[in-house]
Amino acid sequence: MEKTFNLTRRDDGIAILTMDVPGETMNTLKAQFGPEISEILAEIKSDSSIRGLVLISGKKDSFVAGADISMLDACKTASDAKALSQQGHVVFNELEALTIPVVAAIHGACLGGGLELALACHQRVCSDDGKTMLGVPEVQLGLLPGGGGTQRLPRLVGITTALDMMLTGKQIRPKQALKMGLVNDVVPQTILLQTAVEMALAGKRVPKPVKKSLVNQVLEGTSFGRNIIFDQATKQVEKKTQGNYPAPAKIIDCVRQGIAKGMQKGLEVEASHFAELVVSKESEALRSIFFATTEMKKETGAEGASPRKVKKAVILGGGLMGGGIASVTTTKAKIPVRVKDISEKGLSNALAYAYKLLDKGVKRRHMTPAARDNLMALMTTTTEYKGVKDADIVVEAVFEDLALKHQMVKDIERECGEHTIFASNTSSLPISQIAEAATRPENVIGLHYFSPVEKMPLVEVIAHAKTSPETIATTVAFARKQGKTPIVVQDGAGFYVNRILALYMNEAAQLLLEGQSVEHLDKALVKFGFPVGPITLLDEVGIDVGAKISPILEKELGERFKAPAAFDKLLSDDRKGRKNGKGFYQYGASSKKAKAVDESVYGVLGIKPGTNKDAKAVAERCVVQMLNEAVRCLEDGIIASPRDGDIGAIFGIGFPPFLGGPFHYIDTLGAANLVRILEGYQSQFGNRFEPCERLKTMAQENAHFF
């Protein structure tokens, strides 16, 4: 059997331990490595000619990307998971206890268990490469660093910095890592090994105390001060997680106990907390999302078709969406873009938008001004159809008007090549209607981004009946290069995300008209786990946009999509939301950090806020509408699988990740239970709550999606 760890001895007495997992592109830590490492450590201890040890990766671009997550799914009980953590502790403690100097030479991803391995070494040196990132992202999977990270990290970089890293899961760049004392040196990759060897030859050094800010020095230096840090962190965590995620509080507890009662006790607490989190339903849901997105990266979106290479893109429209799409195409995908708009103003907007985003990177010192200018040079503009002939894909982001989109299709077919893909970023118009104007309908596809484009991870790739598999595969690959998570959906009004969102928003509007206050509605759904409440979202998206989409959905999908008539009153009062500073909330200079409701909105709608109902009941009424519609989309073949439906809702509208998505959540609730809730509302409020056929069948058969 091929070994993962290979020990070579140099003439100068330094041994090099190379980790290279056979047959994998990245190194990950697996439970079965334990005995292999222990054996090597025993060999090192017994060989008196070895004066120092350097740990390095045999992979081109990664040190160790973390622990193998599938190993956690194999844990049947909490005690299985605890044993995993404790086994890691034993191995890392043995490594740390070596009497010779041990140096980790880090290049590429050094994350999770990989960083914990590096922390168990006596010193660390990393390459100054852009691919080198250090971090403990376990919290994003509902877990905590279970290989001693909660104990070694605070002792190395200080409590405040360590908590920040563990509670956010953020990744640290080489320069930052050096500044915070996470690594002892940063060098070019060409001399990484040589530097590590020299460090090992120089012998063990007492680590320099970390430079802490005065406040942190004072706080971390006394038990009273440390309690202030832990209490503050706990308060912030509760506000952010709304009590829906158990991991952050457990991370704080591990550090608190470890600092107060010593390393040994800290490791015991870490193993117990880790074990409880592994078997928690929250972590299970978050890991299912991780596996789903990993699986999706391997799919082309169309069976048997492979994508064509995209060497150049054209964006029609320099507005907010156009500018955002152009920006992710140049910065993330590194593909040259030509932006076409009818006015010079639109073009300068698109350029300014992209520049502003890149310049943030320069200001934060993540990028040099020269790198920014090189990326900006990939974007060119035109008011005529010039320089568009060789485009492989054209993304149209113009006004939601069918006649205008038909004109765009004709222009592109006239000006570009026969293989050029025409992708429409429409949020509601069926793609088949846009394709009616095309002589090459097989090249027409929907590519629906969410706003703001640079932040929202999802994009819906919408195929109509005549879209060719090659067009689908090319578009999916293009979206992925832009850093997006694409889901392929079939054509239909509202596609998937906006369709399930519309009913949820309508229900929130109904509750508002029944006398629930704006704040109460928003708070209830944030408490449920959404990133923002439905009324805040309506202001952000634009009340006018909502009003445009509703009639389209109602016409194509029926009565249940009818928006409350009272909403017309908002538009006649010129309330469009954030974009014109008039909506449900107050905008402008006077509005403080915490947004205040514009109380005059109640008068416009002709309502008086009454007594607020129980927050759980309010959230339930909105959410069950979304769940029911998600199953209907599966029934109608709009989405290919429950998995795609979960990913679409989480990445597209921030459906609470700890619930795993609408379909995972229905499995948790039980179909029969959901049908009972829906039927209860149906008898009270009418047929918009009628459970769909598939749910009724599942309820009878006690069936599950997963």
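## Aromatic pairs

How many aromatic pairs does the structure hold? The structure holds 13 aromatic pairs, where rings of Phe, Tyr and Trp (its six-membered ring) pair if their centres lie within 6.5 Å. Planes under 30 degrees apart count as stacked, over 60 as edge-to-face and the rest as tilted.

This is a predicted model, in which local features need pLDDT of at least 70 and side-chain atom pairs count only at pLDDT 80 or more, while totals for chains, interfaces and linings use all residues. Residues are numbered from 1 along each chain as its sequence is written, and side-chain values use heavy atoms, with hydrogens and water left out.

## Two pairs described

Phenylalanine 290 and phenylalanine 291 form an edge-to-face pair, with 5.7 Å between the centres and 65 degrees between the planes. Phenylalanine 290 has a relative accessible area of 35% and is partly exposed; phenylalanine 291, at 27%, is also partly exposed (buried means under 20% relative accessible area, exposed over 50%, partly exposed in between, with a 1.4 Å probe and protein chains only).

Tyrosine 681 and phenylalanine 685 form a tilted pair, at 6.1 Å centre to centre and 35 degrees between the planes. Tyrosine 681 is buried, at 11% relative accessible area, whereas phenylalanine 685 is partly exposed, at 24%.

One aromatic cluster is formed by Tyr504, Phe528, Phe530, Phe655 and Tyr665.

The charged end of arginine 621 sits over the ring of phenylalanine 685, 4.0 Å from its centre. Lysine 340 lies over the face of tyrosine 385, 4.7 Å from the ring centre. A charge sits over a ring if NZ of Lys or CZ of Arg is within 6 Å of the ring centre and within 35 degrees of the ring normal.
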